[in-house]
Amino acid sequence: NNNNNHHESLRRRRRHRPLRSICHHGLCPIRLHHHPHQRRSRHHQILHRPFFNKAKETTTTTTIIMKAYAAAVATVLFGASAITAFAPSASITTRTNGGVAANTKYSSALGMADDEKVFDQEAYIAESKEMRLKYLEEQAMFALKIAVENYGNAVFPNAMIAGDVVITHLLHRMGYLKDGAAKVMVVDTFHLFPETMDFLREIEEFYGFKAEVFCAEGVPVGDKAGYDAKYGANLWKEDIEQYDKVCKVEPFQRGLKTLNTDCMINGRTRWQGFERAWIDQFENAPIGGGLAKCNPIAYWTLEDTFDYIAKYEVPHHPLHAQGYPSIGDAKDTIPIPEDGSTKFVNFKFEGDKTPWLDYASERKGRFVGLANKDGSTKTECGIHVAGAEQTFDRDLWEEGAVKNIASTDEAAEIIGSGKEAIVAVYAPWCQFCQGMEDEFAKYAESAGVPVYKFRGDEERDFVQASLNTESFPTVNFIKADGSVVKYDSEARSADDFATFEKSFEKSTA
């Protein structure tokens, strides 16, 4: 009896005591609880989801347990395809959505016999990169679909650098280039590498689209001599911020307005540096009145970009083969390293690729030798920086005696009113308009006729036809008979404007 009582007591204690064991699937070497009200561990719950058929036998060999354990975790966390990176070649039985079991044979980067382990690191890395790139592609294409189909006029300003050729290829894959659903615009600064505009013509033919090209105001596309005559060949040396406004920001803004865009697609990424480290795939642009900005490859690294180019053999800028990771103006862009030892040739890197692919290294060869007016190192052209909207939102003559003409109808009314007036046609971004702002305001205070301003960069056809305007600023005297006489002198002091006005008093007399 004593023996019976003793064994009964042991049975009671064992019934409520947690046991360290493996679970009934033979996969979990963890502490299990037999009490029905005790919660199983989260780990145990995950592995007991219906991904595996219940095993009747309990595995006792630790090596086999851990191999199966790794396979189970990989399958649960990443899906069946990911198991190829973690588990030995095996037939794994999984459940379909309909509950039907299916056997799948997996080849693996991890070849493991019962008595040895061989890990193919290169195969694993290649497989992981392919998985990542596939996801990034799908993510970028989804963003482009929203940009193009959710908005009416998506525009892609294409600089033909590595990220931009990826976006061009994605747009082509989605059919948005040939059908014109997404428009492509290019800003020619008149200081680009000759290869850049040649490459544009190549991809236009390759993909079957035609880009809209914009350049400095008042200069025909491709007319470098005309630019030099109007703005000066050395404007970038004399005033880099004004150069950015004239050659980059204003044509960029004009292009967006001309194409009536409501969503701007661009290739900025977080990998490019701290100025862009927090951008998302969609944001409001700092210019153009709050239009949407789509950054489809915002989360890509530069290595992802070149992996994509290699995968699909995407046409890319020929200067990558000469050591340039990023391409801008020829005057301030250099190879990285400067000896050109790193190159991307025939869809493969030559030399040490880390100088290109390190964080924030893509644009190290850009804006070389340039500084902002405050002395800081230049890292942006002005198009994407906060405050770029000031180029357009800050008007001239916001206070004082100079009156604003708000519309073409109002301008036509003043011309036909039968009264004399002075009208300055201007653009707020123009350095010459800015330069005469104080003197023209001073003149207006004591002028003998009403003095007006009319912003001409937004009404170019009208000011060309009605106000003698081919460039900014253009100052006109409106005569009582409605004729418009242009002030032809480059002298723009208050006294000069007063003298111009008084010359019409003599002719009247």
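This note goes through selected features of the structure in numbered points.

1. The model is a predicted one, in which local features need pLDDT of at least 70 and side-chain atom pairs count only at pLDDT 80 or more, while totals for chains, interfaces and linings use all residues. Residues are numbered from 1 along each chain as its sequence is written, and side-chain values use heavy atoms, with hydrogens and water left out.

2. Five strands form an open sheet with mixed pairing, in the order β15-β17-β16-β18-β19; here strands (E, at least two residues) and helices (H or I, at least four) are DSSP runs numbered from the N terminus, and two strands pair if DSSP finds at least two bridges between them. Because β15 (403-404) and β19 (484-486) stand at the edges and each has a single partner strand, one side of each is left without a neighbour in the sheet. The partner of β15 is β17 (residues 451-455), and the two run in the parallel sense over two bridges, with N404 standing opposite K453 of β17.

3. Helix α15 (residues 437-446) lies across β16 (421-426), β17 and β18 (474-478), and runs at about 145° to β17. Such angles run from 0 to 180 degrees between N-to-C directions, and the axes are lines fitted to C-alpha atoms, for helices over the stretch in contact, where contact means heavy atoms within 4.5 Å.

4. Helix α4 (residues 121-150) packs on helix α5 (residues 162-173) at an angle of about 70°, their axes being 10 Å apart. The two helices are therefore roughly perpendicular to each other, a term that covers angles of 65 to 115 degrees. On the α4 side the contact is made by E137, A140, M141, L144 and V148, and on the α5 side by I167, L170, L171 and R173. These residues divide into seven nonpolar, no polar and two charged, taking Ala, Val, Leu, Ile, Met, Phe, Trp, Tyr, Cys and Pro as nonpolar, Asp, Glu, Lys and Arg as charged, and the others, Gly among them, as polar.

5. Helix α4 also packs against helix α10 (residues 302-312), at an angle of about 90° and with the axes 11 Å apart, so α4 and α10 are likewise roughly perpendicular to each other. In this contact K129, E130, R132, L133, L136 and E137 of α4 meet E303, D304, D307, Y308, K311 and Y312 of α10, and the residues divide into four nonpolar, no polar and eight charged.

6. Strand β7 (residues 154-157) is covered on both faces, since A154 and F156 on one side and V155 and P157 on the other are all buried, that is, under 20% relative accessible area, against over 50% for exposed and the range between for partly exposed (1.4 Å probe, protein chains only). Its pairing with strand β8 (residues 182-187) is in the parallel sense over four bridges, and the bridge partner of V155 in β8 is K183.

7. A search of the whole structure finds zero disulfides, a disulfide being a pair of cysteine sulfur atoms within 2.5 Å. For C294, the closest cysteine sulfur is that of C263 at 5.4 Å, which is too far for a bond. C294 is buried at 0% relative accessibility, and C433 is buried with a relative accessible area of 0%.

8. A321 lies in the loop between α10 and β13 (343-345) and counts as partly exposed at 31% relative accessibility. Leaving aside neighbours within four places in sequence, A321 is in contact with K343, F344 and V345. The C-alpha atoms of A321 and K348 are separated by 9.6 Å, although the two residues are 27 residues apart along the chain.

Definitions and conventions. Angles under 35 degrees count as roughly parallel, over 145 as roughly antiparallel, 65 to 115 as roughly perpendicular and the rest as oblique.
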